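Hi everyone, thanks for coming. Let's look at one structure together, starting on the inside and finishing with the charged pairs.

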Amino acid sequence: MQADRRRSEDEEIDWLNRMVREMFSGGCDKRPKGTATVIEQRGELILQTLEELGHNPLELPPYGPGKGGAKQAAWERLRSSPKWKRLLGDVQAERKAFEKAWGNLLAGKKIKNTAS
């Protein structure tokens, strides 16, 4: 009887260890692999828009006071885009969503401003 109890405790500990390893290795993510989050999709749409506007996302022209620059041009185009609206869902702060996606692209080094 005690051997059976010890074995079931060992099995439970093994199971818990597997679950912890899975959680910390990213294996418990419920979204299918290869599926981008909404924020990632917004970033991709910004990159596409920059390219449509003729900009290389890794060599964006410098901007200064009084100049809108590539970021402003992308925002102007996206704010009326049905794709952008669809990615916003019920988010009310459109510009804030744009700024967050832009910041993520900068942090991920997917866009870069060239030196003045």
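Here is a short tour of this model. It is predicted, so local features need pLDDT of at least 70 and side-chain atom pairs count only at pLDDT 80 or more, while totals for chains, interfaces and linings use all residues. Residues are numbered from 1 along each chain as its sequence is written, and side-chain values use heavy atoms, with hydrogens and water left out.

First, the inside. The largest nonpolar core has 18 residues; such a core is a set of buried Ala, Val, Leu, Ile, Met, Phe, Trp, Tyr and Cys residues joined through side-chain atoms within 4.5 Å. Helix α5 (94–107) is one of the elements giving two or more residues, and α5 supplies the largest share, 5 residues. Helices here are DSSP runs of H or I, at least four residues, numbered from the N terminus.

Beyond its neighbours within four places in sequence, Arg42 is in contact (heavy atoms within 4.5 Å) with residues including Trp84 and Leu88.

Finally, the charges. There are 6 salt bridges in the whole structure, each a side-chain nitrogen of Lys or Arg within 4 Å of a carboxyl oxygen of Asp or Glu. One joins Glu99 and Lys71 at 2.8 Å, N to O; this pair links helices α5 and α3, 28 residues apart. Another joins Lys85 and Glu94 at 3.1 Å. Shared partners also connect Lys71, Arg95 and Glu99 in one network.

Note on methods:
Buried < 20%, exposed > 50% of the residue type's maximum accessible area, 1.4 Å probe, protein only.
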